[in-house]
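User: Please take me through the contacts in this model, one question at a time, with the criteria stated as they come up.

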There are 2 protein chains.
Amino acid sequence: MNDNHHIRRGRPRTYDPGEALERATEAFWRQGYSATSLDALSEATRMNRPSLYGAFGDKHALYTTALERYIAEGRSQMEAALDDELPLRDALMRVYDGALAMYFPNKSAARGCFLIGTAVTESMTDADVRERLGRGLREFDRLFERRLRVAQAQGELATSADPAALAGIASAILHSLAMRSRAGDSRAVLRALAESGVALICGASGAPPKPTQRRARRTARS
Amino acid sequence: MNDNHHIRRGRPRTYDPGEALERATEAFWRQGYSATSLDALSEATRMNRPSLYGAFGDKHALYTTALERYIAEGRSQMEAALDDELPLRDALMRVYDGALAMYFPNKSAARGCFLIGTAVTESMTDADVRERLGRGLREFDRLFERRLRVAQAQGELATSADPAALAGIASAILHSLAMRSRAGDSRAVLRALAESGVALICGASGAPPKPTQRRARRTARS
DNA sequence: TCCTTTTTGTACATATCAGTACATAAACAT
DNA sequence: ATGTTTATGTACTGATATGTACAAAAAGGA
């Protein structure tokens with residue numbers, strides 16, 4: 001929205017807006033919306049209070065911006081993971097592995113999902129947050145559903161399968177990872193949960209048990 | 001813990017401790033832990049501040065008590081729902097219907113799950129809450145798993161099925177209901193999600209498609 | 001009646017909250 | 001050099017947070 005190529009007039013900023021937004025997101029992520037004070041945000045972003053207001057508006061506007069960016073990034077990560085060229089199983093596992101990579105940052109305590117840690121709490125008293133959250137979740141559902149339809153068209157999923165219903169299950173697995181990673185469960189346990197979910201989704205309707213290897217075992221069943 | 005049958009000495013209390021705890025729970029439920037002030041708790045419980053402290057200790061202790069009671073009640077509701085005499089499908093749906101009844105109180109806005117609205121946020125910064133939450137979720141897993149083993153023993157579930165893994169999926173459905181009910185999804189949509197989850201769990205391993213009717217269709221498959 | 005026990009209600013102490021006014025600093029423009 | 005523009009840093013305001021001191025009230029006991 002800002003013309004970035006002509007030189008700015010006054011005193012230069014000492015912060016990078018993108019990086020500051022990312023740091024603010026992390027602060028909300030770890031403490032929740034209400035428990036994150038402006039002092040904490042100021043310290044996290046290394047911006048003083050008036051600069052924060054100048055750049056992002058008040059606390060609520062800053063949070064909304066962080067929420068929007070998180071959902072948009074989640075969507076694009078998910079789109080990339082759900083590659084149509086890959087076997088359905090692998091594509092789904094890429095989504096869950098990507099999610100787990102976010103929920104368990106390197107050598108740090110699990111932080112789970114930003115949405116479940118902040119937006120889900122605020123959604124009760126903040127209709128705007130609730131709508132953004134709902135839209136985000138429904139978009140994730142749609143992405144799963146689209147990929148499942150592709151799998152169905154390619155014969156990886158039985159024609160009797162219901163892609164919309166299975167997409168709901170695929171999202172439910174994701175929601176469960178988001179919740180459990182905040183309840184102390186280990187990454188390994190959650191990956192195993194994701195794998196059994198994928199097996200159930202892919203294997204539920206007479207699809208070949210190991211499409212990864214593309215062996216044509218259409219008659220037998222394990 | 002209190003001897004309730006011999007007469008108390010001093011000025012009588014004007015509140016009922018159980019009812020006050022329930023009202024405090026509702027206040028946390030709707031606003032989250034951090035955003036619920038002692039003034040709000042005082043108003044909700046109709047107890048003045050010193051009485052609150054005398055009865056429950058500080059805000060954190062009050063919340064811990066509320067959390068404990070919620071988990072204990074959830075467990076007993078779930079135990080009752082997972083009746084061994086009922087078909088597995090019906091037993092599972094009783095759990096989800098019971099959950100939805102809590103998440104959508106009568107003629108009021110959806111409030112979702114107490115755990116996801118309060119404990120999941122606090123678990124990042126409060127190890128005690130995280131452990132209680134984790135124990136609670138694992139207990140719910142165990143209850144599902146036990147019921148699935150019974151179903152397996154009764155022939156409702158294939159011997160090849162993995163009750164522990166399916167229990168994880170059953171819990172995931174529950175977590176998704178908890179999350180989505182706070183994101184604006186309707187009760188009808190969530191019930192449909194639960195039904196497709198139950199169908200997937202029960203139908204995944206060659207079980208009869210309609211065990212409700214107890215027809216012995218052991219050979220054919222749909 | 002007077003004492004003891006327990007709860008209540010007001011009023012307070014102290015800390016932190018979100019948000020802003022204002023002077024200073026650092027860049028470009030002329 | 002001087003002015004304009006934008007950002008910074010300090011210090012403040014009023015509101016609200018949690019937790020508590022203390023006196024009055026309401027019961028039983030002697």
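User: Which element gives the most to the surface near DNA strand D, and with how many residues?

Analyst: This is a predicted model, in which local features need pLDDT of at least 70 and side-chain atom pairs count only at pLDDT 80 or more, while totals for chains, interfaces and linings use all residues. Residues are numbered from 1 along each chain as its sequence is written, and chains are lettered from A and ligands numbered from 1 in the order in which they are written. A residue is near the strand if its C-beta atom, placed from the backbone, lies within 6 Å of it, and helices are DSSP runs (H or I, at least four residues), numbered from the N terminus. α3 (49-56) of chain A and α2 (38-45) and α3 (49-56) of chain B each supply at least two residues, and the most comes from α3(A), with 4 residues.

User: Is α7(B) roughly parallel or oblique to α8(B)?

Analyst: Helix α7 (residues 127-153) of chain B packs against helix α8 (residues 163-180) of chain B with axes, lines fitted to C-alpha atoms over the stretch in contact, 8 Å apart. Their angle, taken between N-to-C directions on a scale from 0 to 180 degrees, is about 125°. Angles under 35 degrees count as roughly parallel, over 145 as roughly antiparallel, 65 to 115 as roughly perpendicular and the rest as oblique, so α7(B) is oblique to α8(B).

User: Which element gives the largest share of the side of chain A that touches chain B?

Analyst: Taking residues as in contact if their C-beta atoms, placed from the backbone, lie within 7 Å, the contact draws 38 residues from chain A and 38 residues from chain B. The largest share of chain A's side, 10 residues, comes from α8(A).

Note on methods:
Two residues are in contact if their C-beta atoms, placed from the backbone, lie within 7 Å.
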